[in-house]
Every structure is written in C-alpha cells, then in structure tokens.
Amino acid sequence: MKKVLVATDKPFAKVASDQIKAILAKANYSCVFLEKYTQQTDFINAVEDVDAIIIRSDKVDKDVIANGKQLKIVVRAGAGYDNVDLTAATEKGVVVMNTPGQNSNAVAELVFGMVVYQLRNHFDGSSGTELKDKNIGIHAYGNVGKNVARIAKGFGMNVYAFDPFVPKEVIEKDGVTVVGSVEELYKTCQFVSLHIPATAETKKSINYALLSNMPVNAVLINTARKEVIHEEDLLKLFAERKDFCYVADVQPDCVGELAEYAKRFFFSPKKMGAQTEEANINAGIAAANQIIAFFENNDIRFKVN
Ligand code: 3PG
C-alpha cells in the first residue's frame, strides 16, 4: 500500500483534506497529515516511510529528500515550486510536480481585496479613491494574471500586460493591451500586479528604476514572492515618494522599516492568496489525483524537474 504524507504548515480547509483522504483511500493508498508543525525536523522525520508528499509552501530541502527513503514524488499543491530543492530531488530520482491554475482565481480575487482596502485608506472612515478607468499592469500573464485581467475589467479598469513568454495574440484575445517592455508597463500603470515566479533571474528585479517611473499614486501589489522585490530600493522609494503604496500577501524582510509608512503599506502575515476552500479543494484534489496517475500510469504531465 502506497503512503502519502500531506505536509501543510498552513493547513487545507477540512472539506479539502477530507476529499484528499477519500480520493487516496479509493485508490487504496494510505494518507497521513502533518499540519501546523513548528520545526523543520518534524517534517524531515515524517517523510521517512512515505512514497509521496503533498505540500504547499512547505520547504522540501535536501534533508527532506534525503530522509525520504522510499520517496518517489512530491506534488506542490499550488503554482510556485521555489520552496523545493529541485536539484536534490532530481539527483535522487524524485519527481516534482505542481498543480498549475488550481488556486489562481483565489489569488486573483485577493489582489482586488487588498487593493480596495488600500484605496479606501484601510477603512479608516476618510474618503478613498476608486479603480474604475484607472490603468492596471499585469506583470506576467499566467493563470493568475489572466484571472486578474478578467476581474479588473469588471471594475472598469484599463488592463495592460507584459509577458515575454506568452504570445501577444493570446493576451490580446482577452481584451488586454500588451506593452513592449517591462519598463513601459510600470510607466503606464498606476497599479501593477506581480505574478512572476521567484527565479535566479527575477530575484530583486522589481527595483528602483521600474518603481520610480510609476505614475502618481502608484500601488504595487505583490501576491507572488517577496524575493522578487529589491527591498533596499523599495525603502528608498518609500522615503522619496509620499504617494507610493505597496500591498503584499507575502511578508517583506524589511517589514520593520516599513512600519513608519503604515498608511501606505500592509501585508497579510499568513499568505492568504490561495487560502480559500475552493482553491484548497482544487489544488488538493489535483495533487492527490496526480500522485495516483503517476504510480498507476506513469503519468508525468505536470513534472517540473
Ligand atoms: C502558489 O504558489 O500556489 C501560491 O503562492 C500559494 O501558496 P500556498 O499554497 O502556500 O498558500
């Protein structure tokens, strides 16, 4: 009997965990949960006798891989897999997958939840501003970016995007204006929503040169990863421009320094983008099914290493 560990420091909704359990049980797989753990060693110890792991932002480092004596597959129930040591996994022949698109609507909805909260002055009773007729730039047009575009149009916004990896026609089909460079996106849009992954190329790439060119009353929205922001540059900009705002679903390292700009900045301490019942169900079920398909049919469609 195959054994699957669901290691989620930030647990799935119960309704999702129940469905994951049921799907695995139907395939005659056993399933154990490690939730809200406080030590990485708890995770390392829990992988010893499992064949597969389902994770979220949980850190699959080389020690997790090494201690997984019979580990064959890790599925990140979500999009970004920068939390998995792909080199260590590949060296040990462990397949790594993600579940692209399954939580993207949840993340896109939170973009607007955060932005409206910011524009209404954190609901302090004073007059705020609106999104209608304003420009929003979507930086990377993947599954989340596409959903952001759809919702932005509902708000009556002018939607722009930049993504060198997606054909122009594909983006334009959604009624989105494609700009020719990342510089142009930031220069054109009062609101920029980040959807780039954290890679060696993108780390610290959102820098002073880009941000300082944003129009007046600029709002940068980050539901992606903290690592893509050049935080020293961000602080420099906050000190220089009294109109610049930053809202983040990912806690910046410079959170202490940003405290003095409380009205122009907030973050959600628990990374709430994908934390809905629907997204948990979608991503969790996809992960369970991908594990079964891998073992039963050698299906490696969602492999990322
Ligand atoms: C993702 O990469 O899918 C999102 O950042 C969600 O991450 P989470 O599952 O840890 O909430």
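## Asp299 and its surroundings

Apart from residues up to four places away in sequence, Asp299 touches Met97, Ala293 and Phe294, a contact being heavy atoms within 4.5 Å. The model is predicted, so local features need pLDDT of at least 70 and side-chain atom pairs count only at pLDDT 80 or more, while totals for chains, interfaces and linings use all residues. Residues are numbered from 1 along each chain as its sequence is written, and side-chain values use heavy atoms, with hydrogens and water left out.

Asp299 sits in the segment that follows helix 12 (277-297); helices (H or I, at least four residues) are DSSP runs numbered from the N terminus. Asp299 has a relative accessible area of 18% and is therefore buried, the term meaning under 20% relative accessible area with a 1.4 Å probe, protein chains only.

## Gly284 in helix 12

Gly284 is placed in helix 12. Its relative accessibility is 0%, so Gly284 counts as buried. Neighbours within four places in sequence aside, Gly284 is in contact with Phe12, Ile20, Ala77 and Ala279. Between the C-alpha atoms of Gly284 and Tyr117 the separation is 29 Å, and the two residues are 167 residues apart along the chain.

## Two domains

The protein chain is assigned domain 1 (3-102 + 275-297) and domain 2 (104-267), with bounds that come from an automatic or database domain assignment. Eight residues from domain 1 and five residues from domain 2 take part in the contact. The C-alpha centres of domain 1 and domain 2 are 30 Å apart.

## The interface

About 460 Å² is buried between domain 1 and domain 2, with 43% of it on carbon and sulfur atoms. Buried area here is the accessible area (1.4 Å probe) that two parts lose on being put together, summed over both. Of the area that domain 1 buries against domain 2, Asp82, Gly101 and Thr276 supply 66%, more than any other three residues.

One salt bridge is counted between domain 1 and domain 2, the criterion being a side-chain nitrogen of Lys or Arg within 4 Å of a carboxyl oxygen of Asp or Glu. Asp82 forms a salt bridge with Arg225, and the closest N and O atoms are 3.1 Å apart. On the side of domain 1 that touches domain 2, the residues divide into two nonpolar, four polar and two charged. In this scheme Asp, Glu, Lys and Arg count as charged, Ala, Val, Leu, Ile, Met, Phe, Trp, Tyr, Cys and Pro as nonpolar, and the others, Gly among them, as polar.

Terms used:
Helices (H or I, at least four residues) and strands (E, at least two) are DSSP runs, numbered from the N terminus. Buried means under 20% relative accessible area, exposed over 50%, partly exposed in between (1.4 Å probe, protein chains only).
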